[in-house]
Amino acid sequence: SEILRRAGAMMDVPGVRKEASTVVQRALPSILAWLDDEGSGRDAAAAALDFIKAALVGHPAALRPRADALERSLVRAAYGRGVFDTAARDAAVGCVAAFPRIGSAPTANA
């Protein structure tokens, strides 16, 4: 996660954007598996959510191909990890809030 945060600050350096996107895209299936596995424990969920938040803030375009799966996993994490695990719920909600808006902006007539 720390590497993604640092890479997000250096997007103007040639090659950083592409390499960071590759890291995000390769790691995301494993990260989502950690997040979706209720038996993975709080530490794994916290690490997964930290990675996702760093990717959402610094490299949102890299997440676009798996946006639907990511959104489903985040909502499950927010509602499915148990009422008493507020840290995971709060982190998942923070990730959902950082999720880029996809589609057109609402119109004044809507």
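## Salt bridges

The structure, a predicted model, holds 2 salt bridges. One of them joins Arg76 to Asp36, with 3.3 Å between the closest N and O atoms. This pair links distant parts of the chain: Arg76 belongs to helix α5 and Asp36 to helix α2, and 40 residues separate them. Arg76 is partly exposed, at a relative accessible area of 44%, and Asp36 is also partly exposed, at 34% relative accessibility.

A salt bridge is also formed by the side chains of Arg89 and Asp90, at 3.2 Å from N to O. Arg89 counts as partly exposed because its relative accessibility is 34%, which falls between the 20% limit for buried and the 50% limit for exposed. Asp90 falls in that class too, with 46% relative accessibility. In general, side chains of opposite charge can pair when their charged atoms come close.

## Overall architecture

The protein contains 6 helices and 0 strands, and the order of elements from the N terminus is α-α-α-α-α-α. Of the contacts with a separation of 6 or more, 67% are between residues 24 or more positions apart.

Buried residues account for 34% of the 110 residues. The accessible surface of the protein is about 7,100 Å², and carbon and sulfur atoms contribute 57% of that area.

## Helix α3

Helix α3 covers residues 41-58, which is 18 residues. From its first C-alpha to its last the helix reaches 26 Å, close to the 26 Å expected at 1.5 Å a residue. The buried residues of α3 are Ala44, Ala45, Ala48, Leu49, Phe51, Ile52, Ala54, Ala55, Leu56 and Gly58. An α-helix has 3.6 residues a turn, so residues three or four places apart point the same way.

Ala44 sits in helix α3. Ala44 is buried because its relative accessible area is 16%, and the limit for buried is under 20%. Between Ala44 and Trp34 there are 6.1 Å in space, C-alpha to C-alpha, for a sequence separation of 10 residues.

## Nonpolar core

Which residues have the most contacts inside the largest nonpolar core? They are Leu35, Leu49, Ile52, Leu56, Leu63, Leu70 and Leu74, in a core of 23 residues. Two or more residues of this core come from each of α2 (16-36), α3, α4 (60-63), α5 and α6 (86-98). Leu49, Ile52 and Leu56 are also among the buried residues of α3.

Ala33 is located in helix α2. Is Ala33 buried or partly exposed? With a relative accessible area of 43%, Ala33 is partly exposed. Ala33 and Ser73 are 40 residues apart in sequence, while their C-alpha atoms are 8.9 Å apart in space.

## Surface patch

A nonpolar patch on the surface is formed by Val75, Tyr79 and Val96, whose accessible area together is about 320 Å². Val75 lies in helix α5, which spans residues 67-80. The relative accessible area of Val75 is 38%, so this residue is partly exposed. A residue needs over 30% relative accessible area to be part of a patch, and Val75 has 38%.

Technical notes
Residues numbered from 1 in each chain as written. Predicted model: local features only at pLDDT ≥ 70, side-chain atom pairs only at ≥ 80, totals over all residues. Heavy atoms only, no water. Patch = residues over 30% accessible without salt bridge, like charges linked within 9 Å, V, L, I, M, F, W, Y side chains within 5 Å. Areas by Shrake-Rupley, 256 points an atom, 1.4 Å probe, with all protein chains shown as cover. Salt bridge = Lys/Arg side-chain N within 4 Å of Asp/Glu carboxyl O. Helix = DSSP H or I, 4+ residues; strand = E, 2+ residues; numbered from the N terminus. Buried < 20%, exposed > 50% of the residue type's maximum accessible area, 1.4 Å probe, protein only. Contact = heavy atoms within 4.5 Å. Expected span 1.5 Å × (residues − 1). Core = buried A, V, L, I, M, F, W, Y, C linked by side-chain atoms within 4.5 Å.
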